[in-house]
Amino acid sequence: MTDFLEVRGLTKSYDDGKIEALRGVDVCIAAGEYVAIAGPSGSGKSTLLHLLGGLDCPTSGEVRFKSASLGSAIDLNTYRARSVGFVFQAFYLMATLRAIENVQVPMMGVERSSSKRAARAAKLLEEMGMEHRAEQYPNQLSAGERQRVAIARALANDPEILLADEPTGNLDSVNSAKIMEILIGIQQKRGMTLIMVTHAPEIACCAPRLISMRDGKVEA
Amino acid sequence: MKASPLSFTGFVWKNLKRRRLRTLLTLCGIGMAIGAFVGLVGFSRAFEQGWAKIYSSSGIDIAVIQQTFLNTSVDESVGAKLKALPVVAAATPMIYNVMDLTPDVNALVYGWKADSFEFQSLTMLAGQRFQDGKAEVMLGDLLAQDLKKQPGDSMEIQGTTFKVVGVYHGGSGLEAGAVIMPLDQLQQLSSMQGKVSTYHVRLRPAPRGLTADEYMKRAQAQIQAALPGLRAVPAAERANNNQFVRMAAASAWGTSLIALLIGILGIANTMAMSVFERTKEIGILRALGWKQNQVLMLIQLEALVLGVGGGLMGIALGWCALHVLALLPQTASIVSSSFPWVLSGEALVIAVLAGLIAGAVPAWRGAQLSPVEALRHD
């Protein structure tokens with residue numbers, strides 16, 4: 001297995017070290033792998049996801065992407081823009097933008113042509129089965145539809161890694177199943193690495209690989 | 001499927017549209033400030049142009065004034081020395097002051113000699129020229145209309161009764177609203193016996209081979225050499241620099257700057273509030289790969305749009321104010337109703353700068369936000 005994404009001795013503390021969110025995490029994730037990260041609240045799973053996505057810097061240790069260290073060898077902005085796509089529990093769509101415009105937002109610093117951005121956004125929404133809702137604003141969409149727009153947005157720059165933080169946390173069971181089907185479908189079709197933080201045991205159990213966390217550490 | 005492109009400016013516009021009331025109030029704030037600038041500075045410049053017109057229409061080339069700032073009067077006796085200089089064709093003393101004519105009306109009052117060459121720029125509409133040594137005045141046509149006076153009437157100025165002997169039309173709007181009286185009478189009223197405010201000089205024609213500038217410099221040098229302690233100022237320069245113009249310009253700029261400062265604080269407040277309220281949104285943008293400079297540009301561009309929008313609104317307001325002044329009888333002769341292009345250009349540049357300055361700190365703060373901390377913000 002090639003180490004595509006590698007975490008070595010990762011610690012993260014807050015409040016001058018009084019709160020230790022991660023206490024020496026070592027994880028290796030291969031390209032195209034689907035990994036679920038599970039654990040109780042406060043176990044450090046979201047913190048690990050944020051560090052894997054370059055949203056934050058570790059207190060010590062390092063995250064390596066294709067053998068290069070994040071934050072030193074790889075610029076975090078570039079990494080977030082080109083290599084990673086985020087899907088959040090609360091969707092985080094821009095309320096003032098239509099669905100198709102929301103999908104274009106990540107491309108604004110990457111693709112200069114606005115018509116190319118729009119064309120790609122339209123294609124992604126079509127892929128999500130959302131072409132008929134492209135001109136709607138987030139408040140005109142159901143929760144499941146919003147998450148599908150958010151997934152399309154995460155795929156905007158064709159990233160190699162898809163990071164999902166409780167993507168079904170705000171959805172009912174029917175929509176949860178649909179979203180999981182979409183995420184797994186994308187991962188398989190595109191050969192992407194999918195790393196998903198989840199509370200739901202039924203989702204965690206279905207993942208080919210499960211990383212269990214407790215008290216800032218990976219459980220054996 | 002229809003693909004609606006989203007441009008950077010489109011995103012900016014949507015952000016501003018989201019908080020319509022705040023955007024509108026901020027636009028009004030900066031608009032009022034720029035409007036005050038256009039109106040006040042426009043009026044002050046019209047005033048300055050009025051002075052320039054007085055000098056040009058009466059054929060004054062040079063004004064001889066004191067070099068010092070505190071003592072601004074010139075001894076009347078320098079006139080003989082001035083007239084003796086080879087470059088000087090004519091030299092006439094004058095005093096100007098602002099006096100209350102009624103509790104509601106104050107006006108510029110000039111003290112001239114009855115034989116002053118400056119009368120050549122005036123057209124007598126009724127009556128005749130005053131005589132030196134007599135308590136007589138001539139009124140500009142606008143002032144005569146305001147005071148309802150005509151030749152033969154009398155009026156009281158600072159406790160002295162003057163007879164109105166003539167009504168004239170001047171080359172400038174400032175003269176149309178002024179009083180002209182014998183120099184000796186104004187010297188008495190102003191306690192300036194033997195003193196004058198300035199000597200106005202008309203030069204002889206320039207000799208062949210000398211440009212107008214060279215001749216002016218030569219004349220200035222000759223006058224200053226003959227009259228130590230006095231300055232010979234070209235008329236155009238004097239029009240821009242006399243104490244009334246300077247006071248009008250200073251008060252116009254002072255008021256405008258205060259208004260602009262309030263406008264800038266308004267934009268800064270709007271942008272700071274906007275950044276605070278959109279902390280999570282900035283976190284999302286950063287999580288989606290937006291670089292710090294993109295966030296900075298987004299916020300700066302929003303501030304810039306507010307500045308430009310407010311600036312255009314202010315130019316329209318200021319022009320309306322000048323238009324109203326151009327219609328009022330008291331100011332109609334000073335202010336022109338034509339669109340102030342140069343001033344509007346300056347106002348727009350100021351509005352753009354105001355937007356950029358006001359947006360700088362909020363934009364910098366927004367760009368500095370850590371993505372993960374911004375995402376945690378409620």
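Two residues are in contact if their C-beta atoms, placed from the backbone, lie within 7 Å. With that in hand, here are some close-up views of this predicted model.

**View 1. Leu125(A) and the residues it touches.** Leaving aside residues up to four places away in sequence, Leu125(A) touches Ala99(A), Ile100(A) and Val103(A), and also Met130(A), Glu131(A), Ala134(A) and Ala152(A).

**View 2. The largest nonpolar core.** Zooming out from Leu125(A), we find this residue among the 175 that make up the largest nonpolar core. Together with Ile37(A), Phe37(B), Val64(B) and Val137(B), Leu125(A) touches the most other members. Helix α2 of chain B, spanning residues 20–57, brings the largest share of the core, at 15 residues. In soluble globular proteins, nonpolar side chains tend to be buried together.

**View 3. Where chain B meets chain A.** Here 20 residues of chain B are in contact with 31 residues of chain A. On the chain B side, α1 (8–18), α10 (279–287) and α13 (371–376) each supply at least two residues, and α1(B) gives the most, with 4 residues.

**View 4. An open sheet in chain A.** Follow the 4 strands in the order β2-β1-β4-β5, with antiparallel pairing. At the edges sit β2 (19–29) and β5 (68–69) of chain A, each pairing on one side only.

**View 5. Strands β1 and β4 of chain A, side by side.** Strand β1 (residues 5–14) runs antiparallel to strand β4 (residues 60–65) in chain A, and 5 bridges join the two. For a handy landmark, look for Val7(A), which stands opposite Val63(A) in β4(A).

Terms used
Residues are numbered from 1 along each chain as its sequence is written. Chains are lettered from A and ligands numbered from 1 in the order in which they are written. This is a predicted model: local features need pLDDT of at least 70, side-chain atom pairs count only at pLDDT 80 or more; totals for chains, interfaces and linings use all residues. A nonpolar core is a set of buried Ala, Val, Leu, Ile, Met, Phe, Trp, Tyr and Cys residues joined through C-beta atoms within 7 Å. A residue is buried if 20 or more other C-beta atoms lie within 10 Å of its own, exposed if 12 or fewer, and partly exposed in between; C-beta atoms are placed from the backbone. Two strands pair if DSSP finds at least two bridges between them.
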